Amino acid sequence: MEEYESVLCVKPEVHVYRIPPRATNRGYRASEWQLDQPSWSGRLRITAKGQVAYIKLEDRTSGTDTGGELFAQAPVDQFPSTAVESVTDSSRYFVIRIEDGNGRRAFIGIGFGDRGDAFDFNVALQDHFKWVKQQCEFAKQAQNPDEGPKLDLGFKEGQTIKINIANMKKKEGATGTSRARPASTGGLSLLPPPPGSKTSTLTPPSGEQLSVGGSLVQPAVAPGSGTSLGGATVLWPRPKPVTPATTDIWGDFTKSTGASSSQSEPGTGWVQF
């Protein structure tokens, strides 16, 4: 699969200088060049093809913005390296190593009139080789997944975690308390009479009491055989006498527990524990 070429940076103006050979190991100095007499001026483009970046010096009067007549190019396979070096006395000048494709190489100086252009030139190369380094690391991890760093989610010694849960309501009965049920009123519920009706009085039979609101109320009218309600005689129902239990309501339960007959009272229907 053929790799495509991408453009990393384009600068409309760059100057090329002839530089003297470096006699010592010290860095290049732009002050030793004839800065007022550049050897060539044109456009600079930085492109990338695979992992290699190319610094291309092109004629700005021919061609289009995407490319013109090529004056020279410098392939860069590593940065920083001897292919691109900064000078020691300025941030706007660099020394690059150009190649003609036939194995011949030469070192020339380039410079930018604006420091911002020089900064973009340097950053474009740095970003490209950061990407190359990441791609190499990804390839190594794909080949050897076990050698990659493992994520440790365990707690270290003495490490704790705290969780705050807001608006937490205590459940009823969690503390052993419960709401008290309202007491049953029991007896009869006395409702007010409907509008326009005659007021009547209910009188229980002789010797009987009326339970209202859970309390006993004595009859207000003398006992009789009946009670007058709106001109009609209403017989008051008499309660049926309570028949004593003749049999033990617990049945075989008292027998299974081994309780003797002396522990229960005859005729009550309850077992004494």
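A residue is called buried when its relative accessible area is under 20%, exposed when over 50%, and partly exposed in between, using a 1.4 Å probe and protein chains only. By that rule Ile 161 is exposed, because its relative accessible area is 61%.

Before going further, note that this is a predicted model, in which local features need pLDDT of at least 70 and side-chain atom pairs count only at pLDDT 80 or more, while totals for chains, interfaces and linings use all residues. Residues are numbered from 1 along each chain as its sequence is written, and side-chain values use heavy atoms, with hydrogens and water left out.

Back to Ile 161: you will find this residue in the loop between helix 1 (115–143) and strand 8 (210–212). Helices (H or I, at least four residues) and strands (E, at least two) are DSSP runs, numbered from the N terminus.

Now follow helix 1, where Asn 122 lies. Asn 122 counts as partly exposed because its relative accessible area is 24%.

What about the cysteines? Cys 9 is buried, since its relative accessible area is 9%, whereas Cys 136 is partly exposed at 33%. A disulfide is a covalent bond between the sulfur atoms of two cysteines. With the cut-off for such a pair set at sulfur atoms within 2.5 Å, the structure holds zero disulfides.
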